[in-house]
Amino acid sequence: MAKKTIKINFDTGWDLAPAPESTGHIQLNEKYDLFIGGKWVKPSSGKYFATINPADEKKLAMIAEANEKDVDKAVKAARKAYDTVWSKMPAKERGKYIYRIARLIQEKAREFAVIETLDGGKPIRESRDIDIPLAAAHFFYYAGWADKLDYAFPNRKPKSLGVAGQITPWNFPLLMAAWKIAPALATGNTVVLKPAETTSLTALKLAEVIQEAGLPDGVVNIITGAGETGAAIVNHNDIDKIAFTGSTGVGKIIQNAIAGTHKKATLELGGKAANIIFEDAALDQAVEGIINGIYFNQGHVCCAGSRLFIQESVYDIVMRKLKDRMESLVVGNPLDKNTDIGAINSKEQLQVINKYLKIGQQEGAEMYQSNCTLPKKGYWCKPTLFTNVSQSNRIVQEEIFGPVLAVQTFRTVAEVIEKANNTPFGLSAGVWTDKGSKLFNMTSQLNAGIIWGNTFNKFDPTSPFGGYKESGFGREGGLHGLKDYLRF
Ligand code: NAP
Ligand code: MG
């Protein structure tokens, strides 16, 4: 019998036929106004700015820039809606509106996913399978709590706060809006929300959903603009609570600005998570976890596993598997269903990442990047890792917010805990081991708000999310997420 030869191509990457998601089904306006008091209103300055697709640098739409006057209008609309309608409405009626929003997001999931990918550069697989379903899940989850607050907090007579000012970042645009709006509405508050200037489109589409859901005018107001618009919300006298997700730098400015006022705050800030691999871990799974931890969403994740700690005895094998896996990552068109790593969100963010790549090399670390080719137009960064780094290096201490991993080794549990806890942040961590007892020991000693065991970057509306130290305070998600919108 003739022998057959089967050739296996171990070259870089896979040659996959393009599988682009279509854009024919989405509806985008050329220009978006501000959503205030249930209506679309022109910005008082008459100014608009462009939002672009970071994968090809083409303009998608023009977005209104809200100034102090517009912020005041939005806060007044939210206050009126709070006083006259929302705070008086029976809780079970409030819940129905929130369910309606959840269902409409589900119905329009495909459109939301494509717009999220176009505006922000993230792979369609992520916006389709993670961002949009999770956003709907947050509305469903909190809708269920609206009329059960007395059970959630027995004998404590929970009351709403009033008007919440909410400011979100560009890495999970719709999901962050859902994390903020859903618990605020369930607890009877009204909202003024500002999305990040580079990714406002899905929040504006959410405004359309809110209109379609028939939410009373002014209960949710969505206004767009840059940092000054956010600052005007923070400094408005008639705001009762600030919910902010973004950088630690801006978080500090906000905390200073509201010190001594009646305003409550939750700040969800930066991170520098440790992903810790013990020698007894399932190594292939751990390597998938490392890849997911840092290259997911181009590393634009506050809880990204940006520091990797490998137990010395398995260092060589983990590094070999990791580099092999990096070579198979598909970088390119975010709309292609095969793409693993999409575009960097903006030119500015790409400059920040490139600055850190230089710093890492100047600090004496060894840089390794996968062999992929990057598209000519748009903003891109190859999956990158640094070895030969030390604890004091800036690439180990500072948040890069890009697909850049710093790799270190350890011998003992005590050593890795000391190293893992040695940054200003404390948002998340990952532990990979075969031993449950080791895992529980680690969770009690790591200073991190979220610790994943034998997995990474998993989110669920029932589970509280938030940080320690300079990663902020307050929790979003779960019962804890309700508490921060209530007084007792
Ligand atoms: P950012 O620069 O702090 O911006 C966050 C939001 O604040 C944006 O809407 C921004 O508007 C606005 N803003 C800027 N300056 C402001 C000011 N002085 N007062 C009020 N608002 C202001 O952060 P980013 O670059 O968008 O997002 C990345 C950061 O978010 C990372 O540090 C990441 O770790 C963090 N993050 C944390 C979590 C968490 O849950 N802990 C989740 C996601 C992201 P413009 O966009 O228009 O400038
Ligand atoms: Mg954009």
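Isoleucine 210 is buried, with a relative accessible area of 2%, where buried means under 20% relative accessible area, exposed over 50% and partly exposed in between (1.4 Å probe, protein chains only). The structure is a predicted model, in which local features need pLDDT of at least 70 and side-chain atom pairs count only at pLDDT 80 or more, while totals for chains, interfaces and linings use all residues. Residues are numbered from 1 along each chain as its sequence is written, chains are lettered from A and ligands numbered from 1 in the order in which they are written, and side-chain values use heavy atoms, with hydrogens and water left out.

Isoleucine 210 belongs to helix H7 (residues 201-212); helices (H or I, at least four residues) and strands (E, at least two) are DSSP runs, numbered from the N terminus. Neighbours within four places in sequence being set aside, isoleucine 210 is in contact with Phe35, Ile101, Leu215 and Val220, contact meaning heavy atoms within 4.5 Å. A separation of 8.7 Å is found between the C-alpha atoms of isoleucine 210 and arginine 100, which stand 110 residues apart along the chain.

Threonine 168 is placed in the loop between strand E7 (163-167) and helix H6 (173-186). With 5% relative accessibility, threonine 168 also counts as buried. Residues up to four places away in sequence not being counted, threonine 168 touches Met176, Ala177, Lys180, Leu193, Lys194, Pro195, Ala196 and Thr245.

The aromatic residues were examined next. A pair of aromatic rings is described by the distance of the centres and the angle of the planes. Rings of Phe, Tyr and Trp (its six-membered ring) pair if their centres lie within 6.5 Å; planes under 30 degrees apart count as stacked, over 60 as edge-to-face and the rest as tilted. The count by this rule is 14 aromatic pairs. In one pair, the ring centres of tryptophan 86 and tyrosine 97 are 5.9 Å apart and the planes stand at 55°, so the pair is tilted. This pair links distant parts of the chain, eleven residues apart: tryptophan 86 is in helix H1 (residues 68-86) and tyrosine 97 in helix H2 (residues 91-107). Tryptophan 86 is buried at 0% relative accessibility, and tyrosine 97 is buried at 17%. Ring pairs also join Trp179, Trp452, Phe456, Phe459 and Phe465 into a cluster.

A charge sits over a ring if NZ of Lys or CZ of Arg is within 6 Å of the ring centre and within 35 degrees of the ring normal. The charged end of lysine 241 is 4.2 Å from the centre of the ring of tyrosine 485 and sits over that ring. Lysine 438 lies over the face of phenylalanine 278, 4.5 Å from the ring centre.

Isoleucine 52, in strand E4 (residues 48-53), and aspartate 119, in helix H3 (residues 109-120), are 67 residues apart. Isoleucine 52 is partly exposed, with a relative accessible area of 28%, whereas aspartate 119 is buried, with a value of 1%.
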